Amino acid sequence: MANDKDSIVFCNGVVAALANSIVAFTNPGDKVLISTPVYPPFFNIPKSNGREVVSCPLVEKNDGKFIVDFEAFEQALAQNVKAYILCNPHNPGGYVWDEATLKEIVRLCAQYDVLIISDEIHADLMINGEKHIPIAKIAGDEINRIVTCMAPTKTFNLAGIQVSYMIVPDKKKRLQLEAVNMASGQGSLNTFASVALQAAYTEGTPWLDELLPYISANMDYVKAELEQIPGIRIIKPQSTYLIWIDYRELKLEEKDIMKRLLEIGQLALEPGTKYGEEGRGFLRMNVACSFETVRDGVERFKKAFEQ
């Protein structure tokens, strides 16, 4: 295995890294597996590159959290899937996958010779002391089938600089990715991106240490306030800054709740079906902002249900 420094391939954003990985390691017509509900580019990038997306929905436990259905997961892999895109931590929902889950993903993907492309962009945003486990860390002898995509852009609010990096232990895969990067005009980072990335990781820890409890407090406030509305349920995320609001008990159609929020509350949230049909009955709210903005958003949400 290469040294960590040697394993890094830079790219202009994690979505671009996902796209380049799909192009480098699969062929048109190949099947790519995802676990839904999930970040929309996981659907869009493979489809846009002529791949077939296979969905294996997460299943809900009694406590409202979602887990991988490994029986269904294996059945999906057996459909001649060539790559699995993992969201670790998961977006939406903010689930932090435990070691046992990650090891089973690796075991099954190895059994069916499936590449794992792991989006770990939210890895630094651990709430209430949760610990992120990189899937490559527990992969053992299967580490060369893993491409990990990371960036400072979510953690340090730097999305505009367009920077990410892939950790690719397998030299052959690195060369393939570098060739795709060059072919797509992404052979190097812009100067601002290089400087910002270095500054974030070498000088940003004190800021991050203050950010995490602030986001956690925002989450607690939203949960406490919105759950006063009968039919609203929120499971506090273990990671990210994105709250997954469950309104299924309201028995409202998505178009109706969106209309209420927009026209009465004048509040725009993301509809759950943006993340797949399994997201129906949910809304996604971003609380990585000032408490004043969060409080205003909560009041707008509540106003939409006063009538």
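A salt bridge is taken here as a side-chain nitrogen of Lys or Arg within 4 Å of a carboxyl oxygen of Asp or Glu. By this criterion, the count between domain 1 and domain 2 of the predicted model is 1 salt bridge. Glutamate 60 and arginine 248 form a salt bridge, with 2.8 Å between the closest N and O atoms. The side of domain 1 that touches domain 2 consists, by class, of 15 nonpolar, 11 polar and 6 charged residues.

The domain assignment of the chain places residues 5-196 in domain 1 and residues 203-304 in domain 2. To the contact, domain 1 gives 32 residues and domain 2 gives 27 residues. A distance of 25 Å separates the C-alpha centres of domain 1 and domain 2. The size of an interface is often expressed as the accessible area lost when the parts come together. Between domain 1 and domain 2, the buried area is about 2,400 Å², and carbon and sulfur atoms give 61% of this area. Within domain 1, the residues that lose the most area to domain 2 are Leu125, Ile127 and Phe156, which together account for 22% of what that side buries.

Aromatic pairs were searched for in the whole structure, and 13 were found. Among them is the pair of tyrosine 39 and phenylalanine 42, whose ring centres lie 6.2 Å apart. The planes of these two rings stand at 75°, over the 60 degrees required, and the pair is therefore edge-to-face. Tyrosine 39 has a relative accessible area of 22% and is partly exposed, whereas phenylalanine 42, with a relative accessible area of 0%, is buried. Tyrosine 221 and phenylalanine 291 also form an edge-to-face aromatic pair, with 4.9 Å from centre to centre and 75° between the planes.

Note on methods
Residues are numbered from 1 along each chain as its sequence is written. This is a predicted model: local features need pLDDT of at least 70, side-chain atom pairs count only at pLDDT 80 or more; totals for chains, interfaces and linings use all residues. Side-chain values use heavy atoms; hydrogens and water are left out. Domain bounds come from an automatic or database domain assignment. Contact means heavy atoms within 4.5 Å. Buried area is the accessible area (1.4 Å probe) that two parts lose on being put together, summed over both. Ala, Val, Leu, Ile, Met, Phe, Trp, Tyr, Cys and Pro count as nonpolar, Asp, Glu, Lys and Arg as charged, and the others, Gly among them, as polar. Rings of Phe, Tyr and Trp (its six-membered ring) pair if their centres lie within 6.5 Å; planes under 30 degrees apart count as stacked, over 60 as edge-to-face and the rest as tilted. Buried means under 20% relative accessible area, exposed over 50%, partly exposed in between (1.4 Å probe, protein chains only).
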